[in-house]
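Work through the following exercises with the sequence and the coordinates at hand. Each task is followed by a solution in steps.

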Amino acid sequence: MLYYTLKRLGLAGLVALTVSFISFGLLYISSDPAIAMAGETASDADIEAIRQLYGFDRPILVQYFDWLQRAMSGDLGKSYYFRTDVSALIAERLSTTMTLGVSAITFAIVLSVPLGVAAAIRPNSLIDRIALFLSVMGQALPSFWFALMLIVFLSVSLRLLPTSGSDTWQHFIMPTIVLGYYAAPAIMRLTRTGMLEVLSADYIRTARAKGLRPRVVLFKHALRNAVIPVVSLTAVQFGFMLGGSIVVETIFALHGAGFLAWESITRNDLPTVQGLILVFSLFYIVLTFFADLLNAWLDPRIRIN
Amino acid sequence: MSEIDSEVLESQTKSSAFRRRILGHQGVMIGAAIVLAAVLIALSAPFIAPHDPYYQDLLNRLVPPVWDSRGSWEHILGTDHLGRDYLSRLIYGARISLLIGVGAALISGLIGTVLGVAAGYFGGRVDMVVTFMITVRLSMPVVLVALAVVAIVGGSLQVVIMVLGFLLWDRFAVVMRSSTLQIRSMDYVAAAQAVGCSTTRILTTEIMPNVVNNLIVIATLEIAHAIILEAALSFLGLGVQPPLPSWGLMVSEGKDMMLFEPWLITIPGVALFLLVLAINLLGDGARDITAPENRN
């Protein structure tokens, strides 16, 4: 287990390093940060001065290692637009995004796991068909459009919820629904598949044969085993959700990291964009790292291979 | 009955059974009908669109659709905030969605297939490198990276296709790798190697024909994925640029007036939803038919 953990940790570090290098290169090669900072109207001399002041005239690799060294110590540079430290800026906005992410993934689980279990207990029944129908529909629904339709119906027609902002818990309801439904179909399908597989296993037949109550068989014996892959999928979906938060937070004007991403992208604020890509991918890397460890711990076959 | 006859008969019943499976699959039939309609509409857009999708008639702005009491048959789906005919824009929008979906899937399919097949066939170091590349790709937030690149390079149809093509190859690579791994251990591949076939020949005549079904399924689902992402990028103003009639852009342009004229966002949204739903139904159905064992 220790060997597996170390190996997996090394991989995670290598992935993080590669992602940071690619995103750094992508952003800094395809644009001239000096022009972005000085503005379109600046003279050539001004641009040159900024270039030298910030060291943009150095080779890209030198700039990257310089940036990386600082990033390691938590310094992601200064935002061109907000004129503050990028790390402080992201840290401040991340709490809103985390609140949204946790409530959305909770919503998705509460919606999809019971539905998946119910569908698996009676395959091809009405409830199975409804579950399948909902997941097919859900996958085709563009989140930005779903968000707007919710605003039209819940806020404007029924006047139930506030349309935008992040002041009260009510502001989080619609964003939670929009972000959560996105992850629900995948979790539902995997729960259903897992339950179907487990329910046909020999030990379930044994449990039934020795006369255990159906509820005990279902929840204590079957669901526990079926839920193992669901846990790691949920971790992955949670990571993907941060990416989805850009669209959702922009529509509902929820001032989280996703909204910050949109703000900094439209303002050519490269250090902030670069910092956000790093934070978002680190988050995903850490989540999948723990999901893999959990899987290896639960299923010894993984760590031996 | 001679041996040859029974072989012919068997292959006939096989293909007719296959046809019956397609025709009996509701999802595939519905999906195929909608996709076919969308493709025909996109191809014949200049002939069936009632108006020029770019012509602005500022005196006839925000005319509601025909089912509204203020609507008219002149503009069946009404006009937008610049007086452009909504139906014509919707028809031309189908071209953009399909072009981006197919274009992005072609690029990502090529990248993913080359990487996946190489990893599955050669294994060892090649596999390690490709698996690492997939992990790196999955760790990068797609929407964020796509938005950032489009913002820097500038939005256009070609840029969006390229960006999505270079970002969405992960699922192709994962599936092609595992399918190739499976085929690679078959006896006929070993036989081909034993008679001294070149690697190129084994890859093209033994491996590819056997993984192509899975490739088609993933390609279909990735087309839908790319279409939905393009709409989201354009909606955020960092995808296809005005005045092109992208459906995502139409929703974006209508959203300021959605409280008074909700049809402005309902119509392009429903079109987008239907197209993506149909493509997904087709892809899911194709998997049920070609590989029923992978259904779940």
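**Exercise 1. Packing of two helices**

Determine how helix H2 (residues 26-43) of chain B packs on helix H4 (residues 86-122) of chain B.

Step 1. The axes of H2(B) and H4(B) are 8 Å apart and the helices pack at an angle of about 110°. Axes are lines fitted to C-alpha atoms, for helices over the stretch in contact, and angles run from 0 to 180 degrees between N-to-C directions. Helices (H or I, at least four residues) and strands (E, at least two) are DSSP runs, numbered from the N terminus.

Step 2. H2(B) is therefore roughly perpendicular to H4(B); angles of 65 to 115 degrees count as such, under 35 as roughly parallel, over 145 as roughly antiparallel and the rest as oblique.

Step 3. From H2(B), Ala38(B), Val39(B), Ile41(B), Ala42(B) and Leu43(B) meet Ile91(B), Ala94(B), Arg95(B) and Leu98(B) of H4(B), contact meaning heavy atoms within 4.5 Å. By class, the residues of this contact are 8 nonpolar, no polar and 1 charged. Ala, Val, Leu, Ile, Met, Phe, Trp, Tyr, Cys and Pro count as nonpolar, Asp, Glu, Lys and Arg as charged, and the others, Gly among them, as polar.

The model is predicted: local features need pLDDT of at least 70, side-chain atom pairs count only at pLDDT 80 or more, and totals for chains, interfaces and linings use all residues. Residues are numbered from 1 along each chain as its sequence is written, chains are lettered from A and ligands numbered from 1 in the order in which they are written, and side-chain values use heavy atoms, with hydrogens and water left out.

**Exercise 2. The interface**

Describe the interface between chain A and chain B by its residues, area and polar pairs.

Step 1. In chain A, 46 residues are in contact with 41 residues of chain B.

Step 2. The two chains bury about 3600 Å² between them, with 83% of it on carbon and sulfur atoms. Buried area is the accessible area (1.4 Å probe) that two parts lose on being put together, summed over both. On the side of chain A, Phe144(A), Trp145(A) and Ile265(A) lose the most area to chain B, together 17% of what that side buries.

Step 3. The chains share 1 salt bridge, defined as a side-chain nitrogen of Lys or Arg within 4 Å of a carboxyl oxygen of Asp or Glu. Arg189(A) and Asp284(B) form a salt bridge in which the closest N and O atoms are 3.8 Å apart.

**Exercise 3. Chains and backbone**

Which backbone features are found at Pro243(B) and Ala253(A)?

Step 1. Chain A comes to 13 helices and 0 strands, and chain B has 12 helices and 0 strands.

Step 2. Pro242(B) and Pro243(B) are joined by a cis peptide bond, with omega about 5°. Pro243(B) is in the loop between helix H10 (199-235) and helix H11 (247-254) of chain B.

Step 3. Ala253(A) is not a glycine, yet has a positive phi of about 50°. Its place is the loop between H10 and H11 of chain A.

Terms used. A polar contact is a pair of N or O atoms within 3.5 Å; within protein, one must be able to donate a hydrogen and the other to accept it, and residues adjacent in sequence count only if both atoms are side-chain atoms.
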